[in-house]
Amino acid sequence: MHPLLNLLATRPLLLAEHAQAYAELLAAELPRATAAFKRRALLLALALLGLLAALLLAGVALMLWAVLPALPMQAPWLLVVVPLLPAGGALACLIAGQARRDARGELQRQLSADLALLREAAPQ
């Protein structure tokens, strides 16, 4: 008989306590995971908005360049620099949103340890 079934039949309270510990671990880690998800979603939304602003400003700069080539411009480099500012901000938000933190929480480590223990205890 599998050791887990034997334990379930002989000491069901032990497994119930183990399940309760998992529930407590989940309750402790859920706010952290939710905050990380919200932060990542906000950063990716800001990156999208920055990219859209950069595209809009690049389109305006292209139209100005096409309409005003004959007039002497005092600062033509601004047509390039202005769209690059929101593009740089979008890139920074995208990099910050993709940065990996400690992805493995305590719950995942505990689950991996329990599964490894079950694999060891399983009859061959």
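What pattern does the protein follow, read along the sequence? It goes α-α-α-α, and what you're looking at is a predicted model.

**View 1. The whole chain, helices and nothing in the way of strands.** The count comes to four helices and zero strands. The protein exposes about 9,600 Å², with carbon and sulfur atoms supplying 73% of that. Take the contacts with a separation of 6 or more: residues 24 or more positions apart account for 81% of them.

**View 2. Helix 2 from end to end.** This helix covers residues 12-67, which makes 56 residues. From first C-alpha to last it reaches 80 Å, close to the 82 Å expected at 1.5 Å a residue.

**View 3. The bend at Glu29.** Here helix 2 bends by about 35°, and a proline, Pro31, follows within four residues. Glu29 is also one of the buried residues of helix 2.

**View 4. A nonpolar patch on the surface.** Leu57, Trp77, Leu78, Val80, Val81, Val82, Leu84 and Leu85 make it up, and together they have about 720 Å² of accessible area. Helix 3, residues 78-98, gives the most to this patch, with six residues.

**View 5. Zooming in on Leu78.** This leucine lies in helix 3 and belongs to the nonpolar patch. Is Leu78 buried, partly exposed or exposed? Its relative accessible area is 37%, so Leu78 counts as partly exposed; the buried label would need a value under 20%, and the exposed label one over 50%.

Key: Residues numbered from 1 in each chain as written. Predicted model: local features only at pLDDT ≥ 70, side-chain atom pairs only at ≥ 80, totals over all residues. Heavy atoms only, no water. Helix = DSSP H or I, 4+ residues; strand = E, 2+ residues; numbered from the N terminus. Contact = heavy atoms within 4.5 Å. Areas by Shrake-Rupley, 256 points an atom, 1.4 Å probe, with all protein chains shown as cover. Expected span 1.5 Å × (residues − 1). Bend = angle between axes of the 7 residues up to and from the residue. Buried < 20%, exposed > 50% of the residue type's maximum accessible area, 1.4 Å probe, protein only. Patch = residues over 30% accessible without salt bridge, like charges linked within 9 Å, V, L, I, M, F, W, Y side chains within 5 Å. Salt bridge = Lys/Arg side-chain N within 4 Å of Asp/Glu carboxyl O.
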